[in-house]
Amino acid sequence: MTRNNIYKIKILFDLSIRTRTIYVGQVPYFGSASFSDDFIIYNEKIEIEARRSAIIPLDNIFYNHFSSLYNQILKSLLFYYASTQKFAKIKSISISRARSQKILEEKIFNDNQFNQVLDSSFKLNYQIDQPRLQELFNETPKGQTTLIAVSYLLIANTTQNESDKFEKLWKSFNKLYTHIAGDNKDFKCLKFLKQFVIDNPNILTLSANKVTTLTTNKLRNSIRWRGMLLDNYDTEAKTESFKDFVIRYSDKRIMEILLETKYGYRETFLKNKDFFALVDAHIQNAIGTNTINDNEVVSLLTGKYMYFVRNKTFHGEKIDSSFRLSVNKEDNELKFLNSILEPYLIDLINANDIY
């Protein structure tokens, strides 16, 4: 089947700056295993040339979210905003169809005929490596994972509400860890991800840097340790699981918090199950040797504590966090968690060449 319909798409941004090329290359599209479209992305415009066998109604391109042209536009915009890390208003989008070197139809959409996808509050504080970001162009499971994760990451950076931001960041995280682990069960995926980070300790550059200055006191006061520990290990029957949890970590700050809270509020259970001596020795040794492991802190906050927060929030166990009269302790906690989760997501995306 010949692809003799040539579609040209031009996205103009409301910018008057010197032209700089961000990306030039061919991008695969949904529904084709062997063909690609030509992309040129500048800082003030995007140009896409696509060849198709079908005649696609230009008026319906934005409406049909399964349209390959629509998805190519979204890919280009996600790549553009993730690359520039700031908002630029879309001034217009023009689409034309030509055949035999003759333009047969053309449509220009002005800024009042489409959504801006992001808004002026958008700002991405961390840079995604260009080769890793280019993965979102590919029509593969990893490509789709990167595409979806980046979309939630960018939207998260348009909201001033910490609860809404956490929800978007978690959805980005969820897409990443299910792909990395190759499973759909959260517990298994997060367990796999923790091991993945242990096996590849150098990938957590941004997120580890965020926690490296955390003191024991700051770490303890930033989250609800009691709530998490009593929720996860609420009965004596789970004492062995609690013991295993403690043994998996060695960071001095985590160990000091466990010691200060009388062994995670489970001293009696540990003694009843004859695990106390083992747990106490492990904690005392980590503190005595001044063991510092920033990756462990990141893993505990993201895979353990944030999962606890996510369950309380997403399962409707509490009043919606947006329904509040002023900034409160929960809002401050979510702001702290978001400040760790966001660079963690960037770290994971920047490592997509090893999963």
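How do S1 and S5 pair, and over how many bridges? They pair in the antiparallel sense, over 8 bridges. Two strands count as paired if DSSP finds at least two bridges between them. Strands are DSSP runs of E with at least two residues, helices are runs of H or I with at least four, and both are numbered from the N terminus.

A word on the model. It is predicted, so local features need pLDDT of at least 70, side-chain atom pairs count only at pLDDT 80 or more, and totals for chains, interfaces and linings use all residues. Residues are numbered from 1 along each chain as its sequence is written, and side-chain values use heavy atoms, with hydrogens and water left out.

Now the sheet. Strands of a sheet pair through backbone hydrogen bonds, either parallel or antiparallel. Here we have an open sheet of 6 strands, with antiparallel pairing. Read across, the order is S2-S3-S4-S1-S5-S6. Look at the edges. Strand S2 (21-28) and strand S6 (102-110) stand there, each with a single partner strand, so one side of each has no neighbour in the sheet. From one strand to the next, the twist averages 10°. Angles run from 0 to 180 degrees between N-to-C directions, and axes are lines fitted to C-alpha atoms, for helices over the stretch in contact.

Next, the pairs. Strand S3 (residues 36-42) and strand S4 (residues 45-52) pair in the antiparallel sense over 4 bridges. Ile41 stands opposite Ile46 in S4. Helix H1 (residues 68-84) packs on this sheet. H1 touches strand S1 (5-13), S2, S3, S4 and strand S5 (90-99). Contact here means heavy atoms within 4.5 Å. The direction of H1 makes about 155° with that of S4.

Move to S5. Of its 10 residues, 8 are buried, so S5 is largely enclosed by the rest of the structure. Buried means under 20% relative accessible area, exposed means over 50%, and partly exposed lies in between (1.4 Å probe, protein chains only). S5 and S6 form a hairpin with 2 residues between them. Ser100 sits in the turn, with a positive phi of about 55°.

Last topic: charges. How many salt bridges does the structure hold? It holds 21. A salt bridge is a side-chain nitrogen of Lys or Arg within 4 Å of a carboxyl oxygen of Asp or Glu.

Take Asp37 and Arg52. Their side chains meet in a salt bridge at 2.9 Å, N to O. This pair links distant parts of the chain, with Asp37 in strand S3 and Arg52 in strand S4, 15 residues apart. Asp37 is buried, at 0% relative accessible area. Arg52 counts as buried too, at 5%.

Then Lys75 and Glu139. Their closest N and O atoms are 2.8 Å apart. Lys75 is in helix H1, and Glu139 is in the loop between helix H2 (130-133) and helix H3 (141-156), 64 residues away. Buried or exposed? Lys75 counts as buried at 1% relative accessibility, while Glu139 counts as partly exposed at 28%.

One more pair. Lys238 forms a salt bridge with Asp234, with the closest N and O atoms 2.8 Å apart. Lys238 is partly exposed at 32%, and Asp234 is partly exposed at 41%. Finally, salt bridges that share partners join Lys8, Asp38, Glu49 and Arg51 into one network.
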